[in-house]
Amino acid sequence: MSLSSAISIAQQAFSNTAQQTAIVSKNIANAGNADYSRRLALLGSTGNGAQVVSIYRAQNEALLKQSIANIGEASGQARLSDGLELLKSALGGNNYETAPAKLLSQFRESLQTLASTPGNKTIAAAAVTSAQDLANSLNKTSDTVQNMREDADKEIALEVDKLNSLLADFEKVNNTIKATPQGGDANDALDQRDKILKQVSEIIGISTVTRGNNDTVIFTTDGTVLFENSPRQVTFAPTTAFDATTTGNKIFVDGVPIAAGSGADTTAKGKLASLVQLRDDVGPKFQSQLDEIARGLVELFKEGNPSGAPPIPYQPGLFTWGSPGVPAAGTVVPGLASKITVNALAKANPLLLRDGGFNGVVSNPGGAANPSPGYTGLIDGFINKMGENMSFDPSTGLDGTSSLLNLATGSVGWLEQTRKTASTADVSKQAMLSRTQEALSKQTGVSIDEELSLLLDLEQSYKASAKLVSTVDAMMAALMEAVR
């Protein structure tokens, strides 16, 4: 080997070591970056020895696709679980202290107390107050449901805007990758593209196909094209206000509507599908249950109107709902729970609860002028009817034939069962995501121990190259001395 060849080999070794050291340094700097894939310099043989011929980016397509799918499932389940936790909180938390079922039971107890001392106006007033607490609970819970639906609608609008922005960013990065010449370094752009895919999957469930020239196409989980060469338009028109009669607008991907998730262990992939599920399924169903409880109260405490022709038409008695007449049995009246209140006449004269007479029909045998203070027939009837079967709308997801007490209790049971199932599924899907991400990290992530070990090897390589240069320098010096 000539001295010039030795110098050339040493120079190449220094160049290789410098490039490898730079890559190791970059790996260590990104050790905590979950969106970074480890780099490795690949060496090849040349006339001047080994040379860095390419930069390898660690990757595992199967695990990446599984991770993206799990992100969508976990995101959708978590958002549904959050919505159900909000409804539980509105009902008083773990013990459901302010749930209509709890207050209905307390109201019945107050009626039983009144039945034992029917002439006590103070106890009658307490029973009316208990009835108002029940009505207030239905009002507030109904408001919470509609606020949840409105918030979900607003969040959908924000997530759609975010999705469109991410797709625009994806187009730029994807074009950069496609424009990178064969053998060029597109690794940073590939990292960025994978990061965007993960962010997109949090919003909407996706699958991907990578074509020639590293071009990626994105599909939604139901097969609609979300990106191919350019983003498809995702559109949504938000609704300004919600009540029980409001139907929210659909989300469209290139004109195709996004399907809502279904079930407590939801089929939703990404936030959008679970937000639509909360807005259009969970919220309306729970609202219908509240409306049926309210309708049951109006029906149970109804009173005949003697001014009508036979048969005597019934009118609201203790509970009113802002409209004349009593709603038809077994049919949901949307929004009734938000309107129900205690008749103002009961607040002025609580003993009407004992005697009747909200619409002129006095049940007390002594009449309105001289009511019997010991009369309990009407109160006993109310107490008994709370435990007797009535007809309810089966669209509530509860029994179509049930007592009012059982219906109210069943509504809380439905919410708690749905919430528990959703919470368990959330834990399971988060665990699956964690395991997948851990497996992907082992394949593509940075290990500080490995990088430091490689850095020590590079240090030895640098020392060997420096020793070679030192030796050539000594030989050159000796040769020059000999020439003199």
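Colleague: How far apart are the end C-alpha atoms of helix H2 (residues 61-90)?
Modeller: They sit 44 Å apart, which agrees with the 44 Å that its 30 residues should span at 1.5 Å a residue (that's 1.5 Å times one less than the number of residues). Helices here are DSSP runs of H or I with at least four residues, strands are E runs of at least two, and both are numbered from the N terminus.

Colleague: What are we looking at, and how are residues counted?
Modeller: It's a predicted model, where local features need pLDDT of at least 70, side-chain atom pairs count only at pLDDT 80 or more, and totals for chains, interfaces and linings use all residues. Numbering starts from 1 along each chain as its sequence is written, and side-chain values use heavy atoms, leaving out hydrogens and water.

Colleague: Which residue with a positive phi follows H2?
Modeller: Gly-92, with phi near 105 degrees.

Colleague: New topic: what order do the strands of the open sheet take?
Modeller: S7-S8-S9, with antiparallel pairing (strands pair if DSSP finds at least two bridges between them). S7 and S8 (residues 251-253) share three bridges, and Val-234 stands opposite Val-253 in S8.

Colleague: Which strands are at the edges?
Modeller: S7 (234-236) and S9 (256-257); each has a single partner strand, so one side of each has no neighbour in the sheet.

Colleague: And at what angle do H6 and H11 pack?
Modeller: H6 (residues 271-300) and H11 (residues 404-444) pack at about 165 degrees, axes 10 Å apart. Axes are lines fitted to C-alpha atoms over the stretch in contact, with angles from 0 to 180 degrees between N-to-C directions. That makes the two helices roughly antiparallel (over 145 degrees).

Colleague: Which residues meet there?
Modeller: Among them, Phe-286, Ile-293 and Leu-297 on the H6 side, and Leu-407, Trp-414 and Leu-415 on the H11 side; contact means heavy atoms within 4.5 Å.

How values were computed: Parallel < 35°, antiparallel > 145°, perpendicular 65-115°, else oblique.
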